[in-house]
Amino acid sequence: MTAKLFFEAIIKFLLGVVLLGVLLFLPAGTFAYVNGWLLIGILFIPMFCAGIVMMCKNPALLAKRLNAKEKQSDQSVVVKLSGLMFLIGFIVAGLGVRFDWYTLPKGVTYFAAVVFIIAYILYAEVLRENTYLSRTIEVQENQQVVDTGLYGIVRHPMYAVTVLLFLSIPLVLGSVYAFVVFLAYPWIIAKRIKGEEEFLEKELTGYREYKQKVKYRLIPLIW
């Protein structure tokens, strides 16, 4: 662990909290947006804890997770589309509070929060299983194909988990309108997976054989 990595992680964490707060509470016109605070809590408290664990146990993995600059131009477009989706979705959710649009029942919100937390736990398990994971598409030195655990069920368990995470977010916020916006995510991630697999087949030894062993990309028995 280095001081530089520590401060980079803390700064990005705090910027994330502030940015999400602005995107939710400014359009809502109030801080009395309970669902917004709920999302901030279940998103950033586990994130902070996971960051502390990575910083102590595997700072190299933390450094890779902090690097979000995509080198491939087509994948850069995918990242930008995801960012646009989040931007629009959060603003729409906040506007729903301001203008008193239809809000999902509290039972749906709480159920979605439980799904979100479960997905977060699965995300942590994926990080534990595959320490090569980074936020950009690349092959690292001495990287090997991981085919155990969740990687023995689908080829992209991290993306599968993020589908659960991201589709539960607008439900936690109580916004069916934001949920419609977030429905773009499965399409966006499918495009990223296609490009990533083409890259890995060329650059990562054993990946073609792995594709033969594990048939499904994202959802078991479906795709």
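You are looking at a predicted model, where local features need pLDDT of at least 70, side-chain atom pairs count only at pLDDT 80 or more, and totals for chains, interfaces and linings use all residues. Residues are numbered from 1 along each chain as its sequence is written, and side-chain values use heavy atoms, leaving out hydrogens and water.

Now pick out the patch itself: Val77, Leu81, Leu84, Leu87, Ile88 and Trp187, with about 530 Å² of accessible area together. Patch residues have over 30% relative accessible area and no salt bridge, with nonpolar side chains joined within 5 Å and like charges within 9 Å; a salt bridge puts a side-chain nitrogen of Lys or Arg within 4 Å of a carboxyl oxygen of Asp or Glu. Areas come from the Shrake-Rupley method with a 1.4 Å probe, and for residues only the protein chains shown count as cover.

Next, select Leu39, which is in contact (heavy atoms within 4.5 Å) with Leu20, Leu24, Phe90, Ile169, Val172 and Leu173, leaving aside neighbours within four places in sequence.

Finally, show Phe25 and Phe31. Which is buried and which is exposed? Phe25 is buried at 6% relative accessible area, while Phe31 is exposed at 62% (buried is under 20%, exposed over 50%, partly exposed in between, with a 1.4 Å probe and protein chains only).
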